[in-house]
Amino acid sequence: MGSALGDIDNDGDLDWFVTSILGPSNEFFTPQGNRFYTNDGTGLIDDTVRLGVADGSFGWGACLLDIDNDSDLDIYHTNGYPDVPFLTTDETYDTDASRVFLMNEAGTYTDEAQALGLAGRTSGRGVVCADFDNDGDTDIFELTDAAGNSARLWENQTASAGRNFLRVKLKGLPPNTEAAGARIFARIGDTTQMREIMIGSNYTSQNPTVQIFGLDSSTIVDELLVEWPAIDSGNGPVQLGTLLNGPIAASQPGETLSISHPELPPL
C-alpha cells in the first residue's frame, strides 16, 4: 500500500521501498512482508533480507527520510488493520506499532520505533513527512482510521540536538513550478546525497517538495548541483543544470536555500 523512493546508498540512482503485509501462511496471505529493491545502475535487486525491513506487519503509507539528520536515509511507515473474520489467526494487526527503520553503520536497517517514541498503535493509513515547524528536521504527520478522521503529529527535535542540515527549495519553469522530476545532488566531502522532487508519493498523502539534507556534524556543503527536468527546445529535449560551488553554509532554523531555474528571470 505504501511506496517510497530515495537514494539510500548514495550512488546517484533511486532505490525503492514498498510496504506490504507480513501475514500468516493461509489462503489469504503468505509471509511476504515489505520489499526493498536497490538499484545497481542496471536494474533493481530484491535486497529485502539483507536490509532487514520485511517485518512491517500490515504496512500502509511510508517515507524515506533522514529522521536524525545523520546523512543517511531512514524509513518510517505506519500500519494496522482492524480485526476481520478472514484473519482467523493469532495476528493482531489493529494494535501493531508503526515502524522506524534506522540505517545503521553496516548500511542495513534496525527498527527503533520504540526507542524514538514513534511506536504508535493507532491503526494508520497515510503519512506526511515534512518540516512542519520549520526548524530543519523532518516531522511526521500520521493519518489514522480512528473515529473522527483523526491524525497524529510527531514533532522531531533532532535539529535542536545539534545535527546540521541544508534545506533546499526549487523554483521551476511554469507549469512545473515545483520542479517535479528535478534532482538535487549535495556533495559533502567524498559523499554525495541525492534527492528527486516527486509529486504523489504516499498512500492518500503527499510530502512537500522542499528537500532536507542531513549533514550530521558538517557545517558546510562542498557543492550543490541541480539537474532540472528536461524541456523541449524544438530540436529535442534539453536538460539544464545549476551548479553552486561551496562552501555552502548549513541552514539555520527558518532558513531555506531557494534555487530558481536558469531560464526564470532574476528576482
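This is a predicted model: local features need pLDDT of at least 70, side-chain atom pairs count only at pLDDT 80 or more; totals for chains, interfaces and linings use all residues.
Me: Which residue forms a salt bridge with Asp-46?
Reply: The partner of Asp-46 is Arg-35, and the closest N and O atoms are 3.2 Å apart.

Me: And where do the two residues sit in the chain?
Reply: Arg-35 belongs to strand β3 (residues 35–39) and Asp-46 to strand β4 (residues 44–46). They are eleven residues apart, and the pair links distant parts of the chain.

Me: How many salt bridges does the structure hold?
Reply: The structure holds eleven salt bridges. Among them is the one between Asp-47 and Arg-50, whose closest N and O atoms are 2.7 Å apart.

Me: Asp-47 and Arg-50, then: buried or exposed, or in between?
Reply: Asp-47 is buried, with a relative accessible area of 13%, a value under the 20% limit. Arg-50 counts as partly exposed at 47% relative accessibility.

Me: What about Lys-169, which side chain does it meet?
Reply: Lys-169 meets Glu-178 in a salt bridge, at 2.5 Å from N to O. Glu-178 counts as partly exposed, with a relative accessibility of 31%.

Me: Which residues are linked in a network of salt bridges?
Reply: Such a network links Asp-55, Asp-96, Arg-99 and Asp-111.

Me: Changing topic: how many aromatic pairs are there?
Reply: The count comes to nine aromatic pairs. One of them joins Phe-36 and Tyr-109, with ring centres 6.2 Å apart.

Me: Why is the pair of Phe-36 and Tyr-109 called stacked?
Reply: The planes of the two rings stand at 15°, and planes under 30 degrees apart count as stacked. Phe-36 lies in strand β3 and Tyr-109 in strand β8 (residues 109–111), so the pair ties together parts that are 73 residues apart in sequence.

Me: Are those two buried or exposed?
Reply: Phe-36 is buried, with a relative accessible area of 0%. Tyr-109 also counts as buried, at 6% relative accessibility.

Me: How do the rings of Phe-58 and Tyr-93 compare in angle and distance?
Reply: Their centres are 5.1 Å apart and their planes at 75°, so this pair is edge-to-face. Phe-58 is in the loop between α1 (48–51) and β5 (59–65), while Tyr-93 is in the loop between β6 (74–79) and β7 (99–103), 35 residues apart. Both Phe-58 and Tyr-93 are buried.

Me: Which residues do ring pairs link into a cluster?
Reply: The cluster consists of Phe-58, Trp-60, Tyr-81, Tyr-93 and Tyr-203, linked by ring pairs.

Terms used:
Residues are numbered from 1 along each chain as its sequence is written. Side-chain values use heavy atoms; hydrogens and water are left out. A salt bridge is a side-chain nitrogen of Lys or Arg within 4 Å of a carboxyl oxygen of Asp or Glu. Helices (H or I, at least four residues) and strands (E, at least two) are DSSP runs, numbered from the N terminus. Buried means under 20% relative accessible area, exposed over 50%, partly exposed in between (1.4 Å probe, protein chains only). Rings of Phe, Tyr and Trp (its six-membered ring) pair if their centres lie within 6.5 Å; planes under 30 degrees apart count as stacked, over 60 as edge-to-face and the rest as tilted.
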